[in-house]
Amino acid sequence: MKVGIVGVGAMGGTHAEAWTHTPAQIVGFVAEKFEHAQAMAEKYGAQAYPDLAAMLPHIDVVDICTPTHLHHEMTLQAAAAGVDVICEKPLARTVEQGRAMIDACRAAGVKLLVAHVVRFFPEYVRAKQAVDAGQVGQVAVIRLQRDVFRPRKAEDNWFLDFERSGGMILDLMIHDFDYARWVAGDVTRVFCKHLGDPSVSPGDHALAILTHANGAISHIEGSWAYPPPTFRTQFEIAGSGGLLVHNSDASAPIAAYWHKGDDDTAGEVPVPASPLLESPYVTQIKAFYHHLTTGAPLPVTAEDALAALEIALAAIQSAESGMAVTIRG
Amino acid sequence: MQDQPQPSPLRIGILSFAHLHAESYAHQLKALPGIDFIGVADDDAARGQHFARVYGVPFFDSYDALLAQRPDGVIVCSENARHRPLVEQAAAAGVHVMCEKPLATTLEDGRAMLRACEDAGVILMTAFPMRFSAPLLEIKTLLDQDGLGRVLAVNSVNQGQMPKRYRDWFVDRELAGGGSVFDHTVHLADVLRWYLQDEVVEVYAQTNRIMHRDEVEVETGGLLLLTFANGTFASIDCSWSRPMNYPTWGGLALQLIGQKGVVHVDAFSQNIEAYSNTDLPAWIPWLSDPDRAMVQEFASAIREHRQPRVTGYDGFKAMEVALAAYRSAALGQPVSLPLG
């Protein structure tokens, strides 16, 4: 299986490393700046291509790790070339784009796999398994929280460009919108409050309340308002029979206290890191590989990614209108 | 050197032990210096007699009989919906009142209680112990010194166990005013008003009854999102989402996003974890008891002829948030405050 990666930012680099844990071969890179693609190509013994069109004839699978607004067009291009698609989350910048991507891939008979990596994080997977095993009974109240620092790319920080990224709500909170829906099913109503003005807040911050079709309610916090190097997550799943609680601060296996200044060693983009023998990013890419080669089941479909996108965009709409937004199933 | 003349002890009674917090207040009245716990009146004579015996104080077979003793103050711990008549009776007798939260179950009752105490010139304090929590006070000081800059958003939780096992009326819509929303929202609504020195102008809420569905008819799950006049927004999780084997009754904590940083504060994290061969894991609290400081404040306010640090009006405004939450949950849209 020949894989080409588009986009060599934090996720492109992470995915490239993850692919080396599979039998697949990384054959090409495409980047906004050609020299960046060259550097990656050199590192992985692959070819740098000037653009996606030039790479598509040489690959079986494209792994799209570009800014969100580019997912749609690149997916359509790949589908037209009969190449399977792996796409970073969020699926797309708009629901219409997301639908068009799903339709195009289905029509072309290619796969569309969306990298909702939280579905591969062991704490989230175990909690989902516990819920499915009936450990909390019927889910009633979910609390999900993801607090990080504002992405600070040295050049062209597209994360902060709402038109391209959809901002924190679409880029970060979508993880937890997807997870809430994974655990408690479809969402019918969204209400959200959002701090987005950089002259007021040190970073985007939002709180949202979701209402699920089955009556469960979810509280989601997403934040870019914490200082670097923060990456903390929390969840609670309370149901008729019990309660699951996770807090990444409390479960951190290592605490180190150094006699030195406050060196800021955080990267450009916050990436979670609790020591594991296999990174969830690797687990995810392996799952994609097995799915593509053997049809092994995946925990997340493109339709799931589209549903998460709909929730995130409804949250943005609610924050703008001040009203709760209804989602039709 | 001559001793200062000791002021005569303040005489304080408890009207009704319907609320279990009366037991803590009784304990404080016995323990605090300068207070004479004059007795208990309760329309449930067996309950009143029981607690009068426990605390070694007289039992009065009517509220009027206790009020006829001309106490300096009374603590009202009847069912939420029955606060009003006792507060009005105490006010009519010229007796200062500390009333258990929530202040009342309707705006009308709340307004009547405020009016009765104002007209009688007596103190009406709402029993909001979180105003006296040492960790929460530490953050209040930080905020007052502008240590966090402007507070922009707050994520707060006051979850607990379903309280039916403590008192049946806690889950009776008529007597309690509702379920988890009414029981738990008021604490954080008050803390947030206190911290932000601002009023709530909008409430959104969603509720459900999935946990303990077969045991109660009131809501057991609730999430609120409040907006304050200056734009700060704050969520409250008031759910009865702590299972019966949770190591403690529940908790109260806030995460505040400010312009200068973020602070997390937990009013009930000061615990020792206890494990055993025979019992379930439990937490042994070592926190400074906020109830002690709260009862002390009631006594000090009476003695110093001043308003207490937390008033009946504070109780009214917190109750208004909870009432707005029910309206919002029914509508599926946010509701504006003040309520008409």
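A:Arg143 reaches across to B:Asp237 in a salt bridge, with 2.9 Å between the closest N and O atoms; the term here stands for a side-chain nitrogen of Lys or Arg within 4 Å of a carboxyl oxygen of Asp or Glu. The model is predicted, so local features need pLDDT of at least 70 and side-chain atom pairs count only at pLDDT 80 or more, while totals for chains, interfaces and linings use all residues. Residues are numbered from 1 along each chain as its sequence is written, chains are lettered from A and ligands numbered from 1 in the order in which they are written, and side-chain values use heavy atoms, with hydrogens and water left out.

The rule finds three salt bridges across the interface of chain B and chain A. There are also 19 residue pairs in polar contact between the chains, both residues at pLDDT 80 or more. A polar contact is a pair of N or O atoms within 3.5 Å; within protein, one must be able to donate a hydrogen and the other to accept it, and residues adjacent in sequence count only if both atoms are side-chain atoms. On the chain B side, at least two residues each come from β7 (151-157), β8 (200-208), β9 (221-228), β10 (233-237), β11 (253-258) and β12 (262-266). With six residues, β9(B) gives the most to this side. Helices (H or I, at least four residues) and strands (E, at least two) are DSSP runs, numbered from the N terminus.

Chain B puts 39 residues into the contact and chain A 41, contact meaning heavy atoms within 4.5 Å. About 3,100 Å² is buried between the chains, with carbon and sulfur atoms giving 64%; buried area is the accessible area (1.4 Å probe) that two parts lose on being put together, summed over both. B:Ile210, B:Leu223 and B:Phe233 lose the most area in chain B, together 19% of what that side buries.

In chain A, 38 residues of domain 1 touch 32 of domain 2, and the two domains bury about 2,900 Å² between them, 71% of it on carbon and sulfur atoms. A:Lys89, A:Arg93 and A:Leu113 supply 20% of the area that domain 1 buries here, more than any other three residues.

Four salt bridges are counted between the domains of chain A. A:Arg106 pairs with A:Glu303 in a salt bridge, the closest N and O atoms being 2.7 Å apart. With seven residues, α1(A) gives the most to the domain 1 side.

Back in chain B, six strands make an open sheet in the order β3-β2-β1-β4-β5-β6, with parallel pairing. At its edges stand β3 (59-60) and β6 (124-127), each with a single partner strand, so one side of each has no neighbour in the sheet. Strands β1 (residues 10-15) and β2 (residues 35-41) of chain B pair in the parallel sense over six bridges, where pairing takes at least two DSSP bridges between two strands. B:Ile14 has B:Val40 of β2(B) as its bridge partner.
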